[in-house]
Structure formats: C-alpha cells, structure tokens
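Below is a colleague's note for someone meeting this structure for the first time. Please read the points in order with the model in view.

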Amino acid sequence: MATNEVEIVDVERPSKQKRRSWRKVEEDALMKCMLNEEGKWKSENGFRTGYFTHLQKELHNVLPGCTLQANPHIDSKVKHWKSIWAKLVDIIGLSGFGWDAVNNCIDVEEPVWDAYEKGDCVCA
C-alpha cells in the first residue's frame, strides 16, 4: 500500500552575519583616505552621494585584497565615529571638562569625573 507522506525537514536558517572586526591598519587607511578627500565630498547634510563608494575604491588601492565594502562596512564605521565624536563634544562642553591637545585626550579633575560617573554632575 503506497502512501503520499511528505517528510518535513527542519532546515536551519543562516544566522545573522557577525559584525566584521576592523583591523587598525584598515581604520588608519580609511581615515587617511577621508583626510585626503577633505572638503571635496561635503554636502549640506553630510557627504555627497558616492563618497563611500569612492572611499571603498581608494581603500582597495591602498590595501590590496581588502574586502571592505561601502555598505555596510564604511558606512557603519563612519556612523560609529560620528557618534563617538558627538559624545566627546558633549562631554568637553560640560563645565570642568577640557581637551588636552598634547596628549589628545579629555582633561578633567578627578572629583569632577567622579561626579559625572555618579550622575551628580550639574555641569552645563
């Protein structure tokens, strides 16, 4: 006696791709490429269309065999740098915080930092 049974197989879906880790040499190369193009790709709201694709080509010239792509790699790295920059600007704008240009770091007295960490900072 023949049956029309269908075997149901649970197929695993590929998990979300893990985030790509940037090497220091890649970050440095991206920063140098961006600095070389400084001012050429600006628009009112950020960068002109095609800027990240241009950076991708420049990176591939500087780092042969580089697998970085304009989207998502370069786009997400620049967004990450922008968010860090915004946080630094906010912190430096607080009373008691400053920028040490010699050591390239935030300059703050320990009591002010302790108050900031506790959330007691009434800096503005």
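**Helix packing, core and overall make-up**

1. Helices α1 and α3 pack at an angle of about 80°, with their axes 12 Å apart; axes here are lines fitted to C-alpha atoms, for helices over the stretch in contact, and angles run from 0 to 180 degrees between N-to-C directions. The two helices α1 and α3 are therefore roughly perpendicular to each other, a term that covers 65 to 115 degrees. On the α1 side E27, L30, M31 and M34 meet I74, K77, V78 and W81 of α3, where contact means heavy atoms within 4.5 Å. By class, the contact of α1 with α3 holds 6 nonpolar, no polar and 2 charged residues, with Ala, Val, Leu, Ile, Met, Phe, Trp, Tyr, Cys and Pro counted as nonpolar, Asp, Glu, Lys and Arg as charged, and the others, Gly among them, as polar.

2. This is a predicted model, in which local features need pLDDT of at least 70 and side-chain atom pairs count only at pLDDT 80 or more, whereas totals for chains, interfaces and linings use all residues. Residues are numbered from 1 along each chain as its sequence is written, and side-chain values use heavy atoms, with hydrogens and water left out.

3. Helix α2 (residues 51-62) packs with helix α3 (residues 70-92) at an angle of about 100°, their axes being 10 Å apart. That makes α2 roughly perpendicular to α3. From α2 the contact draws on F52, T53, L55, Q56 and L59, and from α3 on A70, I74, D75 and V78; these comprise 6 nonpolar, 2 polar and 1 charged residues.

4. The largest nonpolar core has 16 residues, of which L30, M34, Y51, F52, L55, L59 and I74 touch the most other members; such a core is a set of buried Ala, Val, Leu, Ile, Met, Phe, Trp, Tyr and Cys residues joined through side-chain atoms within 4.5 Å. Helices α1 (24-36), α2 and α3 each supply at least two residues of this core. Leaving aside neighbours within four places in sequence, L59 is in contact with E26, A29, L30, C33, C66, L68 and I74.

5. Over the whole chain there are 4 helices and 4 strands, which follow the pattern α-β-β-α-α-β-β-α along the sequence; helices (H or I, at least four residues) and strands (E, at least two) are DSSP runs, numbered from the N terminus. Buried residues make up 21% of the 124 residues, buried meaning under 20% relative accessible area with a 1.4 Å probe, protein chains only.

Conventions. Angles under 35 degrees count as roughly parallel, over 145 as roughly antiparallel, 65 to 115 as roughly perpendicular and the rest as oblique. Buried means under 20% relative accessible area, exposed over 50%, partly exposed in between (1.4 Å probe, protein chains only).
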